[in-house]
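Dear colleague,

Please find the structure for your study below. My notes on its aromatic rings follow.

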Amino acid sequence: MAHLQDPLSGCLAACAKHGISPERFIVAVSIAGQTVSLYENSSTPLRPNLEEYRFVKKMPCSTSRFGIGQREGSNRTPLGLHRIAEKFGAAAPAGTAFESRKAVGHTSQPEYADAKITTRILWLDGLEPGFNQGGNVDSHGRYIYIHGTADQSSIGKPSSCGCIHLADADLVPLFDLLPSGTLVWISEL
């Protein structure tokens with residue numbers, strides 16, 4: 001199972017470099033695999049040690065159809081260490097359509113049948129100054145989310161405009177489980 005821990009090595013190294021304490025949960029996004037993996041550390045106190053984390057679940061996702069990139073306006077998925085800054089959509093029915101993080105309708109309505117942002121929103125904040133935080137590379141300022149999409153058939157292949165899409169069946173329980181502040185590691189592999 002060593003291959004399951006590989007994403008955590010990069011995440012924990014970035015935490016150490018930037019003086020960030022790892023949290024109970026770590027979400028690892030693989031661009032190459034088009035997957036989101038969840039890891040949990042149930043020890044007390046938390047320590048930045050690979051052996052303390054256990055693999056919980058892997059889910060298919062979709063990242064940008066334009067590839068990876070940090071710059072504003074690129075429509076690419078940014079790499080590196082992030083944190084869930086804000087959460088939107090708690091208790092909304094799956095398929096709820098959002099605009100500017102406000103519920104505006106449902107995918108069952110013709111005008112929202114192809115909504116790009118649905119169900120839940122986990123708004124990410126970059127934690128690496130000059131790489132995904134600040135200036136024209138700021139992930140939060142770029143509105144990088146983990147969210148649902150009306151086109152559930154696109155999950156598993158690059159199809160977003162920079163965000164990370166999850167199927168409703170995976171997104172809703174993940175949203176309910178993860179507190180704000182949870183670390184999100186986005187890597188090429």
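How many aromatic pairs does the structure hold? The structure holds four; rings of Phe, Tyr and Trp (its six-membered ring) pair if their centres lie within 6.5 Å, and planes under 30 degrees apart count as stacked, over 60 as edge-to-face and the rest as tilted.

This is a predicted model, in which local features need pLDDT of at least 70 and side-chain atom pairs count only at pLDDT 80 or more, while totals for chains, interfaces and linings use all residues. Residues are numbered from 1 along each chain as its sequence is written, and side-chain values use heavy atoms, with hydrogens and water left out.

One of the pairs is formed by tyrosine 39 and phenylalanine 55, edge-to-face at 5.8 Å centre to centre with 65 degrees between the planes. Tyrosine 39 belongs to strand E2 (residues 35–41) and phenylalanine 55 to strand E3 (residues 53–62), so this pair ties together parts 16 residues apart in sequence. Strands (E, at least two residues) are DSSP runs, numbered from the N terminus. Tyrosine 39 is buried, with a relative accessible area of 1%, whereas phenylalanine 55 is partly exposed at 25%. Buried means under 20% relative accessible area, exposed over 50%, and partly exposed in between (1.4 Å probe, protein chains only).

Tryptophan 123 and tyrosine 145 also pair edge-to-face, at 5.8 Å centre to centre and 90 degrees between the planes. Both residues are buried. Ring pairs link Phe88, Trp123, Tyr143 and Tyr145 into a cluster.

The charged end of arginine 101 sits over the ring of phenylalanine 88, 6.0 Å from its centre; this requires NZ of Lys or CZ of Arg within 6 Å of the ring centre and within 35 degrees of the ring normal.

Notes
Helix = DSSP H or I, 4+ residues; strand = E, 2+ residues; numbered from the N terminus.
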